[in-house]
Amino acid sequence: MALGAMGVAALAPLVEAVPALAQEAARSSEPLSVNIGANDGFTRIEFGGVVGARARVRREGQAVIVRIGTTAAPDVSRLKNDPPPGVDKVETRAVAGGTELVVTLKPDADARSGMADGAVWVNLYAPGKTPDAPARSAVPAGGVVPVTVAADADKAVLSFQWGAPVGAAVFRRGEAVWIIFDSAARLSLPKSRAALGPAGDARWAVGPDYTVVRVTARERLAVSAEGHGAEWTVTIGGQPVPSSTEVIVDRDDTAQASLVGQMAGATRAIWLTDPMAGDRFAAVTALAPGKGYGSERRTIDATLLPTAQGMAVETAADDLTIRTEGDRVIISRPRGLTLSAPSATLEAAQDDHSAPRKAAYPALILAQWADVGHDGFAARHRALQTAATEETITASDDPRTPIEARMAYARFLVASGLEFEAIGVLNAMVMKTPSLQGEPELRGLRGAARAAIGRNAEAEADFSAGALAGDPSMKIWQGYLASQRGDWETARKAFAAGAAAIDQFPQVWRARFGAAHALAAVEMGDLSAAEALLAYSFSQNAPAEDQLTARLVQAKLFELQGQSDRALAVYQAVARAPLDGIATPAKLGAVKLQLAKGQLKPDAAAAELEQLKWRWRGDATELAVIRTLGDLYLSQGRYREALEALRRAGKRMGNLPGAAEIQTDLSDAFRALFLQGAADGLQPVQALALFFDFREMTPVGADGDEMVRRLARRLIDVDLLDQAAELLKHQAESRLEGVAKAQVSTDLATVYLMDRQPEKALQALWSSRTTLLPTAMNSERRALEARALMELGRYDHALETLDKDVSPEAQDVRAEIFWKQQNWPAAARLYEQRMGERYKDTATPLSADEENRVIRAGVGYSLGQDAAALGRLSRNYRPFIDKARSAAAMRVALDTASGEGIGGQDLASLTARVDTFAGWVQTMKADFRKQTGAG
């Protein structure tokens with residue numbers, strides 16, 4: 001794709017025009033310049049400068065009179081002293097308001113005049129030197145002019161291929177488009193009405209020296225004309241293309257008051273009668289290239305219709321004359337036209353101060369509302385403002401009070417891009433007359449103005465009014481607002497519901513709506529619809545900024561279509577635009593594509609995104625940059641940077657479209673780190689610091705509990721018990737209630753006991769008491785409470801707590817208490833019971849905890865003088881001695897040979913070797929691993 005075809009190219013003419021404008025300004029600084037040149041055929045006189053370019057040329061017999069709007073006589077001494085061939089004499093004379101140069105020609109001499117390159121020129125020809133018009137045959141061989149028609153649902157294009165250049169005039173009168181040529185010929189127009197698409201039927205007729213075509217076409221269809229030599233192309237519908245040259249029409253009061261149109265290549269005036277209306281009008285044809293004027297102009301005697309090519313004049317006067325003189329078209333009457341004072345200029349149709357009229361739909365903006373007429377913006381604004389002020393003075397809270405002047409003023413402001421001022425006018429109307437709150441157009445215009453300046457919530461409030469229910473123009477705005485907030489499905493439905501009104505909006509808004517609808521289609525995966533909508537948006541010839549916005553959507557479309565190279569080219573082109581609001585998302589798109597294609601390394605991409613984060617701030621674009629940056633940081637293991645970037649964006653821009661996605665990204669990142677194992681590669685202390693810095697993101701419920709358990713397990717594994725306890729305590733005290741709090745508090749009590757802090761363990765258990773806990777959890781909590789009491793030496797209280805609980809955990813604690821009370825037989829029996837029938841599996845060595853129980857059981861039976869029990873224990877577990885970790889201790893504990901039990905020295909040695917607390921700690925660590933799914 002050539003970059004010149006992209007939206008960036010729309011900015012280039014602004015830069016390229018600067019030198020040309022500077023040169024033009026330098027030329028225009030000379031008030032009057034007279035340049036004379038001659039060759040063998042004729043002498044040319046050019047009048048340039050600000051004054052010279054406004055000179056007027058007329059012919060009176062053999063006198064060529066040039067009227068110059070300055071009282072200072074021009075220096076024409078060369079012409080006077082050495083008259084050109086064919087000139088009898090040259091003189092100057094003062095007239096009212098200027099000077100006239102009178103060139104008197106000799107008999108049979110001739111002159112031609114015109115305007116080109118910012119100067120008025122006169123060519124003087126000696127007798128016999130007047131150039132003859134070249135012979136031409138405009139009618140092709142066969143006598144029929146070929147006409148080709150290309151039509152679709154939006155426009156019809158008619159191409160006329162003449163045999164030689166012909167003059168043409170193209171314009172609209174009501175429901176018909178008129179096409180007039182200054183040569184007579186038959187046309188090969190299609191007979192089928194369907195061939196003309198949105199236009200109706202076409203009829204043609206031939207006059208003595210002209211051909212005319214009348215095409216029925218609805219008034220909203222634009223008309224454009226373009227000429228190249230002998231070919232003329234007329235487009236009905238679609239996007240209007242302005243004429244390459246503007247026809248300048250001004251008054252001339254030198255003799256009789258008249259209107260003069262400066263139209264290069266003017267050929268003749270052709271008078272016609274409209275068969276439908278029965279009135280008479282004239283068309284003035286001109287050769288290519290195209291030239292016309294866009295606004296209607298009126299005098300008492302004549303009305304100049306807007307044209308796509310040439311000129312068109314309506315009149316009720318029977319004696320109006322129209323003649324062409326070179327490049328001038330003179331419109332006059334025998335006694336002159338009835339014009340205003342000479343100091344006044346020709347008025348445009350809007351200069352009669354007719355106020356902007358109400359549109360067909362309440363929320364519709366019309367382009368013609370912004371028409372300022374010939375007097376300019378200031379005069380138009382002042383007139384409408386004055387009328388609105390006068391109406392306000394007499395207004396009251398009566399719902400029948402007139403509002404038309406104020407509404408007309410508001411329409412003008414909205415169409416002129418002065419949305420803030422329009423909102424002020426409309427709000428003032430509601431304050432003055434509260435019942436106007438239900439006026440459909442007021443709500444529609446105010447909503448449109450608010451949407452245009454980004455006050456989307458206020459605009460949606462206006463559009464939700466019942467008075468606008470079912471209005472298609474309101475649906476268009478709702479679709480636009482839904483697209484702004486990322487509600488793509490709603491946007492598409494609303495745009496579809498407002499399709500009947502979209503073509504009545506000004507071009508700039510049609511382009512914006514088309515781009516917004518296309519974006520919604522892209523996001524919904526309807527790529528064919530997006531392509532058609534983008535074509536519609538581009539056809540509107542919108543300002544550069546809006547074209548670039550549409551190009552961004554086009555790049556996304558290319559990306560989804562798998563055309564990554566084209567998408568990247570568009571992104572990179574748009575990213576060079578000097579408009580940060582557009583260049584930033586384009587740069588983001590380019591970075592993401594380059595990263596995906598391997599053209600950019602992650603660290604380089606992150607650096608570019610960091611710059612973008614500060615380049616454009618405060619809207620959905622920044623959110624998109626931060627989301628991408630967060631994902632990139634996570635993929636690089638830069639967890640803290642990722643979480644910090646996402647959190648700051650979520651806090652600062654929580655009300656913007658896309659903020660919910662930021663919160664989702666933040667939650668997902670936190671879950672990935674602490675629930676799915678992404679942070680397992682960090683050191684436990686680093687993971688803990690990261691968790692505490694962002695702990696407000698911990699989800700409530702089972703997932704939050706699991707996160708804390710996983711992190712606590714890692715801390716416990718490396719004996720960072722204080723840190724693990726702090727983590728669990730925060731979770732229990734600040735985030736949980738009920739059963740969930742009891743479960744985490746149980747874990748907290750376990751950690752405190754592992755850290756030999758029984759008082760804190762009891763506090764954790766007692767502060768989380770609740771009813772209806774699961775049986776297993778109740779048993780676990782009783783065992784922990786009893787163990788804590790045991791550590792404090794409160795043995796009886798501990799046994800009371802255990803009561804009749806015979807669970808394994810309770811039995812272990814009970815055995816520990818009996819051991820500490822030196823109730824050897826009871827302790828020994830419990831230790832042996834906890835072993836069950838483990839002795840039958842002699843192939844599997846005992847675990848460390850099992851060895852401890854066997855040793856303690858043997859010591860207890862020995863100290864309790866229970867030889868029978870000791871013998872049974874010895875027979876059952878002696879086969880395990882050879883593979884035991886503490887073989888010597890087991891051999892001594894199970895020795896029954898002496899028959900007198902274990903001595904004091906042996907008891908001390910065995911007690912030192914058998915650390916049941918360490919065994920319990922290891923068991924608890926293993927339980928934590930099981931709970932978190934870790935091995």
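Let's start with the buried residues of helix H12. They are Ala529, Ala530, Leu533, Leu534 and Ser537. These residues span an arc of only 135° around the axis, which means they sit on the same side of H12. Keep in mind that this is a predicted model.

What do the buried residues of H12 pack against? Three helices: H10, residues 488-497; H11, residues 507-523; and H13, residues 544-560.

Now the helix itself. H12 covers residues 527-538, 12 residues in total. From first C-alpha to last, H12 reaches 16 Å. That is close to the 16 Å expected at 1.5 Å a residue.

Next, strand S6, residues 98-105. How many of its 8 residues are buried? The count is 8 of the 8, so S6 is largely enclosed by the rest of the structure. Buried here means under 20% relative accessible area.

Take the two faces of S6 in turn. In a regular strand, side chains alternate between the two faces of the sheet. On one side of S6 we have Gly98, Glu100, Val102 and Thr104. On the other are Thr99, Leu101, Val103 and Leu105. Both sides are covered, and all of these residues are buried.

Which strands pair with S6? One is S4, residues 63-68, joined to S6 by 6 bridges. S4 and S6 run antiparallel. Within that pairing, alanine 63 has threonine 104 of S6 as its bridge partner.

The other is S5, residues 87-95. Here 8 bridges make the link to S6, and the two strands again run antiparallel. Look at valine 87: it stands opposite leucine 105 in S6. Leucine 105 is one of the buried residues I listed for S6.

Note on methods. Residues numbered from 1 in each chain as written. Predicted model: local features only at pLDDT ≥ 70, side-chain atom pairs only at ≥ 80, totals over all residues. Heavy atoms only, no water. Buried < 20%, exposed > 50% of the residue type's maximum accessible area, 1.4 Å probe, protein only. Helix = DSSP H or I, 4+ residues; strand = E, 2+ residues; numbered from the N terminus. Pairing = 2+ DSSP bridges. Expected span 1.5 Å × (residues − 1). Arc of directions from axis to C-beta. Contact = heavy atoms within 4.5 Å.
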